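Reader: Hi! I'm new to reading protein structures. Could you walk me through this one?

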Amino acid sequence: MAKKLKGDSFFLSANDLKTGSVVYYNGDDWSEKVDKAKKINRSEIEEYENIAKKFEDECIIISPLFVELNDDGTIKKLRDIIRKNGTTF
Amino acid sequence: MYQYSDKDKQIVKNRTREFLSQVKRRIDGNLTEEEFKPLRLMNGLYLQLHAYMLRVAIPYGELSHIQLNKLAEISEKYDKGYGHFTTRQNIQFNWPKLEDVPKILNELADVEMHAIQTSGNCIRNISCDHLAGINNEEVEDPRPWCEIIRKWSTFHPEFSYLPRKFKIAVIASEKDRAAMKVHDIGLKLIKKRNETGFEVYVGGGQGRSPFIAKKINNFVKKRDLLNYLEAILSIYNEMGRRDNIYKARIKILINELGEEKLKSLIESKFKKFADKNLLLEEDEIKKIKNYFKLPINNPIKSSIPVKKNKEYNIWLNQNVIKHKLAGYSIIMVSLKHYNQPPGDATAEQMKKLSIIAKQYSHGEIRVTHEQNLVLPHIKNSDLFSVWNKLSALKLATPNIGLITDTICCPGMDYCALATARSIPISQKISQHFKDQSIQDKIGNIKIKISGCINACGHHHVGNIGILGLDRNGEESYQISLGGSADEKTSIGKIVGPSFSEKELIKAIQTIIETFEKNKKNNEDFLSVFNRVGIDPFKKDLYDKSNP
């Protein structure tokens with residue numbers, strides 16, 4: 001999950017198992033609201049990988065991933081921006 | 001059209017029940033994602049960027065008005081009110097919820113549809129010429145053969161876990177409208193000394209290693225078809241690579257072994273199978289053929305309405321084809337309206353088109369591999385009425401075969417594998433070349449756009465192929481020229497370094513200008529490219545001294 005990560009801060013995201021919707025981890029739970037997403041530092045990656053695994057095992061989410069952030073806290077990659085905002089056309 | 005037997009209905013219903021149980025077990029935590037993934041893929045269910053995606057088979061691209069109406073209902077009830085027709089004559093729903101998918105499959109089963117084998121390493125939906133049975137050029141109707149192959153390949157116990165996915169296309173005329181030579185197996189019905197049989201092509205495909213299929217048999221008798229296919233698949237199943245996903249397709253096997261070696265292995269296997277289980281008897285073939293009789297029997301006297309309406313006349317010229325029976329026409333329904341993603345149809349469009357098909361086209365609709373639809377049997381005298389109705393639905397864009405009739409994969413707007421977006425590129429091209437007189441002047445041209453090297457948008461075989469790449473986090477587009485998916489199949493040549501999204505339309509415009517200045521008489525783009533080669537295009541695109 002964290003193999004090719006660059007950058008220093010991230011959101012933890014996934015798809016909701018039942019609906020497939022894009023969700024973000026807010027520190028307790030998963031929500032479609034990105035503004036509630038918890039900012040994670042590089043040093044915390046392993047801890048949050050374990051958290052993601054726990055929710056996967058509980059059949060809450062699938063396909064967890066870390067979303068790279070810019071210094072100002074905005075999402076860096078186009079793919080992740082599309083996941084957040086929806087289609088671009 | 002083919003009608004399900006009671007056995008077919010039972011098989012599909014059983015599968016739906018089975019999947020319902022699998023979904024329940026997954027949600028309840030009795031199946032892990034690792035265990036569930038191959039099961040959902042066998043039922044056409046993917047996980048994309050924002051949601052699940054369900055791919056539904058439209059065998060050989062043929063739909064009844066009832067089925068099209070059901071697809072519309074499903075898109076409204078369980079999705080976001082539209083569906084996406086693909087290059088392999090399937091339809092995809094982009095937003096279903098996992099827990100709704102068994103309900104969708106159940107509703108599909110009610111109209112004799114399913115999502116079985118639309119994904120996974122098995123024999124996929126059999127594709128076909130969208131003008132099968134209604135054009136004058138073919139040896140015979142290829143659809144019954146697609147159905148025979150479909151029956152054989154569905155749930156084939158030996159071929160459910162092949163090294164990789166396996167795609168088969170069948171055509172029956174010199175003109176290839178099904179991209180037959182970029183399939184794992186391409187079958188072409190031919191006549192030889194008063195007997196009809198099959199030319200067999202093997203090893204075509206796109207993706208990161210594009211290959212044109214090689215002819216491995218000049219004539220397989222009809223009765224032997226399934227035994228011959230069984231021989232090919234058995235060899236592939238035994239010898240295809242399973243250690244490397246990128247080298248697992250039969251195209252790699254044929255290129256590693258060599259054409260002659262693979263051919264001889266298939267022939268020896270075929271000798272063992274011949275005259276055994278899968279021999280097709282004449283009455284069996286006849287039984288299937290009976291399902292595909294034309295709903296109209298005789299030519300009629302029916303003339304095309306003459307109207308002083310410019311738009312109608314442009315449409316007649318561009319989107320209407322002669323039917324094999326006098327008095328009838330074939331309408332190509334464009335799914336490339338200038339503001340719509342290529343291949344998308346809204347629920348309203350599908351619903352109303354199903355009514356038009358029922359009223360005017362004997363209830364039939366076809367899907368083309370170029371992501372358009374077809375109304376196959378329209379009385380000439382009805383053409384003006386149908387045009388009016390299609391126009392109101394934005395389904396009469398007169399651009400079939402023109403520069404705005406692009407093939408395009410979903411790209412990064414939906415697909416988890418994509419490295420760049422493709423739909424917005426297609427829309428920009430549409431907007432840029434929207435003017436009808438410009439499109440007419442350019443003439444026949446195929447632009448095909450893929451959002452990654454997997455080539456779902458067929459960029460390798462586009463006259464102009466566009467491949468979206470990720471260059472250090474930026475979208476970048478590589479252009480290839482001279483590809484073709486028709487009877488003279490060719491793989492395009494990469495023209496040079498890629499272009500940014502902003503530079504791309506200017507580059508396409510330059511390519512069109514180079515074509516126009518080299519064009520003689522009525523030559524189309526591909527003829528010009530084949531005559532002058534890639535150099536003039538390179539020069540105009542990259543030579544900085546060129547103003």
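Predicted model: local features only at pLDDT ≥ 70, side-chain atom pairs only at ≥ 80, totals over all residues.

Reader: Got it. At what angle do α5(B) and α6(B) cross, then?

Author: Helix α5 of chain B, residues 143-153, and helix α6 of chain B, residues 225-239, cross at roughly 50 degrees. Their axes come within 11 Å. The two helices, α5(B) and α6(B), are therefore oblique to each other.

Reader: Which residues make the contact?

Author: From α5(B) there are Trp145(B), Ile148(B), Ile149(B) and Trp152(B). From α6(B) come Leu225(B), Leu226(B), Leu229(B), Glu230(B) and Leu233(B). By class, this contact of α5(B) with α6(B) has 8 nonpolar residues, no polar ones and 1 charged.

Reader: And which way does α5(B) pass α6(B)?

Author: The crossing is right-handed.

Reader: Now α5(B) and α9(B): how far apart are their axes, and what's the angle?

Author: The axes of α5(B) and helix α9 of chain B, residues 282-290, are 9 Å apart, and the helices pack at about 115 degrees. That makes α5(B) roughly perpendicular to α9(B). The crossing of α5(B) and α9(B) is right-handed.

Reader: Which residues meet there?

Author: On the α5(B) side you'll find Pro144(B), Trp145(B), Glu147(B), Ile148(B) and Lys151(B). They meet Ile285(B), Ile288(B) and Lys289(B) in α9(B). Sorted by class, the contact of α5(B) with α9(B) has 5 nonpolar, no polar and 3 charged residues.

Reader: Changing topic: how many salt bridges are there over all chains?

Author: The structure holds 38 of them over all chains. As background, side chains of opposite charge can pair when their charged atoms come close.

Reader: Are Glu62(B) and Arg366(B) buried or exposed?

Author: Both Glu62(B) and Arg366(B) are buried.

Reader: What other residue forms a salt bridge with Arg366(B)?

Author: Glu364(B) does, and the closest N and O atoms of that pair are 3.8 Å apart. Glu364(B) is buried, as is Arg366(B). Salt bridges that share partners join Glu62(B), Asp141(B), Arg143(B), Glu364(B) and Arg366(B) into one network.

Reader: Nice! What about Glu199(B) and Lys188(B)?

Author: Their side chains meet in a salt bridge, at 4.0 Å from N to O. Glu199(B) lies in strand β9 (residues 195-202) of chain B and Lys188(B) in strand β8 (residues 185-192) of chain B, so the pair ties together parts 11 residues apart in sequence. Glu199(B) and Lys188(B) are buried.

Reader: Last one, over in chain A: where is Asn26(A)?

Author: Asn26(A) is in the loop between β2 (22-25) and β3 (30-31) of chain A. With a relative accessibility of 29%, Asn26(A) counts as partly exposed.

Reader: What does Asn26(A) touch?

Author: Leaving out residues up to four places away in sequence, Asn26(A) touches Ser31(A), Lys36(A), Ala37(A) and Lys38(A). The C-alpha atoms of Asn26(A) and Asn85(A) are separated by 18 Å, and these residues are 59 apart along the chain.

How values were computed:
Residues numbered from 1 in each chain as written. Chains lettered and ligands numbered in written order. Heavy atoms only, no water. Axes fitted to C-alpha atoms, helices over the stretch in contact; angles between N-to-C directions. Helix = DSSP H or I, 4+ residues; strand = E, 2+ residues; numbered from the N terminus. Parallel < 35°, antiparallel > 145°, perpendicular 65-115°, else oblique. Left-handed = near helix turned anticlockwise from the far one by under 90°. Contact = heavy atoms within 4.5 Å. Nonpolar A, V, L, I, M, F, W, Y, C, P; charged D, E, K, R; others polar. Buried < 20%, exposed > 50% of the residue type's maximum accessible area, 1.4 Å probe, protein only.
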